[in-house]
Amino acid sequence: MSSTTEVQARPTDSDLRARRRRAITSAWAGFAVDSYSIYVASTALLPAMVYFQSNLSPSQLSVFVGMTFAATLIGRPIGALLFGHFADRIGRRKVGSVTIYGFGTISLLIALLPGAEVVGPTLATTLLIGLRFIEGIFLGGEYTAATPMALEYAPPGRRGFTGALIQCSASGGPFFVAVLTTIVLLFAPNAGLHSPYVQWGWRIPFLIGALLSWGVAWFLRRRVEDSDVYKETARSKSPLRDMLKGSSGRAFLQSYLIMTGVFFAVNMLGSVMPQLLLSNEGYTASDLAHTQLINAWPGMATYLFYGWLSDRIGRKRALYIAASTTVLLTPVTLTLMGSGTVHSWLGLTALASLTNVFIVGSLGVLPAYINERFATAVRSSGWGVAYSTAVVIPAFFSYYQLWLAHLVPFHYTAGILAAFGGLIILAAVSAGPETRGVDLNTVGERAGATA
């Protein structure tokens with residue numbers, strides 16, 4: 001009798017492990033193409049911005065790039081509010097696949113855009129920014145679904161590392177963009193408005209992004225199941241309303257503040273840092289792509305280290321360490337990059353990699369920490385809405401930089417904003433509980449909502 005039970009248990013355990021692997025793999029891949037889609041503009045499209053707007057000064061180019069980046073970030077809260085509701089109501093898997101198909105299609109449309117010479121700079125710019133905004137809606141939706149599902153599968157003692165593993169694909173996306181941009185620049189040089197790269201080369205990374213997105217969406221739709229934690233939980237009729245009640249509402253406010261701080265710092269890394277690097281004399285678009293190739297690896301290692309650390313010393317302690325490095329060290333590296341005092345590619349790349357390490361550590365902990373703050377019935381809404389609505393205030397970073405430039409030299413502004421973000425993280429983390437080891441089935445009793 002005992003032996004029969006054991007024989008029957010083995011396939012069940014094996015099936016659970018297989019389901020867990022597929023869920024975590026799809027979450028990693030989903031966020032990788034999500035990150036790819038966000039940062040393709042600041043790496044592959046940045047050298048070709050003249051295609052949409054010509055004769056821009058460095059400060060005007062900074063604002064234009066910032067607007068392109070911000071349009072995507074501003075669309076994310078709408079996607080989180082819309083798709084987070086449905087991820088809690090009808091399932092993480094269905095919503096995740098729909099959103100990934102969605103932003104893959106928008107990538108294709110961006111690749112087909114006409115330039116200023118064809119339709120004029122106003123329409124060309126409007127089409128680009130408009131599509132990036134719509135893409136942001138789908139990107140915000142993707143993050144509400146895949147990460148909660150993967151963490152619901154993860155063993156409690158490895159939830160921090162699992163969240164970090166998913167989050168580290170945020171560096172994998174830019175890395176692949178950099179690889180493609182480097183390859184394209186080899187056969188499509190960038191030398192002004194009518195050069196091959198500006199006319200058609202930049203389109204290739206967008207086309208490949210579309211194909212990758214569709215492939216991940218297909219895998220998620222066909223090979224992944226919702227977690228047992230989700231299946232066994234009663235549905236909330238209004239996840240957003242319930243998520244904002246009581247202790248869950250306080251968890252949302254704390255999570256929102258943490259993520260606001262994170263995005264102040266991350267925007268300096270993802271959008272401003274490439275501009276600081278390109279402002280150095282002799283540093284080219286090819287040099288930027290090569291730097292990004294190197295830069296991805298220490299970033300991914302940092303995510304994993306802090307996720308692992310949070311499983312051992314607690315989420316809050318790990319966040320305190322990570323945010324402190326953002327406050328104390330990031331201003332130094334960003335200021336040196338923009339000062340014009342470092343001239344070698346190796347030196348600038350080292351500064352870029354250090355900046356990555358000093359900024360992304362918090363994001364290695366936060367997938368687990370924030371998801372552990374919400375009940376299953378509202379977890380997608382809580383995680384997705386807190387993550388995505390927090391992008392709004394930091395999204396206007398280019399304007400904050402212009403304001404700060406009245407007080408200090410422009411190349412100091414990125415470091416100031418990154419440090420400000422780190423301070424917000426420290427303050428917000430101190431206001432919440434430790435969550436390491438919580439039972440996701442019962443977390444609603446201390447930080448969730450009423451289903």
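This report describes a predicted model of one protein chain, from its overall build to selected residues.

## Overall build

The protein chain contains 19 helices and zero strands. Its radius of gyration is 22 Å, close to the 22 Å that the globule rule gives for 451 residues, so the chain is as compact as a globular protein of that length. Along the principal axes, the C-alpha trace spans about 75 × 40 × 40 Å.

Of the 451 residues, 60% count as buried, and the chain exposes about 16900 Å², of which carbon and sulfur atoms supply 67%. When contacts between residues at least 6 apart in sequence are considered, 85% of them join residues at least 24 apart.

## Nonpolar cores

The largest nonpolar core has 117 residues, and the members that touch the most other members are L45, F52, W202, M259, M337 and L366. Helix 12 (residues 246-278) contributes the largest share of this core, with 15 residues. Apart from this core lies another one, of five residues, which include A87, V95, I137 and A145.

With residues up to four places away in sequence left out, L366 touches I258, M259, V262, L319, N371 and W383; one of these, M259, is itself listed with L366 among the core members that touch the most others.

## Aromatic pairs

The structure holds 16 aromatic pairs. One of them joins F175 and W297 in an edge-to-face arrangement, with 5.1 Å from centre to centre and 70 degrees between the planes. F175 lies in helix 7 (residues 169-187) and W297 in helix 13 (residues 285-313), so this pair ties together parts that are 122 residues apart in sequence. F175 counts as partly exposed, because its relative accessibility is 21% and the range called buried ends under 20%.

Elsewhere, ring pairs link Y51, F52, W202 and F206 into a cluster.

## Two buried polar residues

D88 has its place in helix 2 (residues 58-90) and counts as buried, at 1% relative accessibility. The side chain of D88 makes a polar contact of 2.6 Å with the side chain of R92, and another, at 2.8 Å, with the side chain of S381. Leaving aside neighbours within four places in sequence, D88 is in contact with Y230, R235 and P239, and also with T376, A377, V378, R379, S380 and S381.

N371 lies in helix 15 (residues 345-371) and likewise counts as buried, at 2% relative accessibility. The side chain of N371 reaches the backbone oxygen of P367 at 2.7 Å. Beyond four places in sequence, the contacts of N371 are with T147, P148, L151, L366, R379, W383 and L440.

## L404 in helix 17

L404 is placed in helix 17 (residues 397-404) and is buried, with a relative accessible area of 11%. When neighbours within four places in sequence are set aside, L404 is in contact with T413, I416 and L417. L404 and M67 are 337 residues apart in sequence, and their C-alpha atoms are 18 Å apart in space.

Methods: Residues numbered from 1 in each chain as written. Predicted model: local features only at pLDDT ≥ 70, side-chain atom pairs only at ≥ 80, totals over all residues. Heavy atoms only, no water. Helix = DSSP H or I, 4+ residues; strand = E, 2+ residues; numbered from the N terminus. Buried < 20%, exposed > 50% of the residue type's maximum accessible area, 1.4 Å probe, protein only. Polar contact = N/O pair within 3.5 Å; in protein donor to acceptor, adjacent residues only side chain to side chain. Contact = heavy atoms within 4.5 Å. Core = buried A, V, L, I, M, F, W, Y, C linked by side-chain atoms within 4.5 Å. Rg over C-alpha atoms; globule rule 2.2 N^0.38 Å. Areas by Shrake-Rupley, 256 points an atom, 1.4 Å probe, with all protein chains shown as cover. Phe/Tyr/Trp six-rings, centres within 6.5 Å; stacked < 30°, edge-to-face > 60°.
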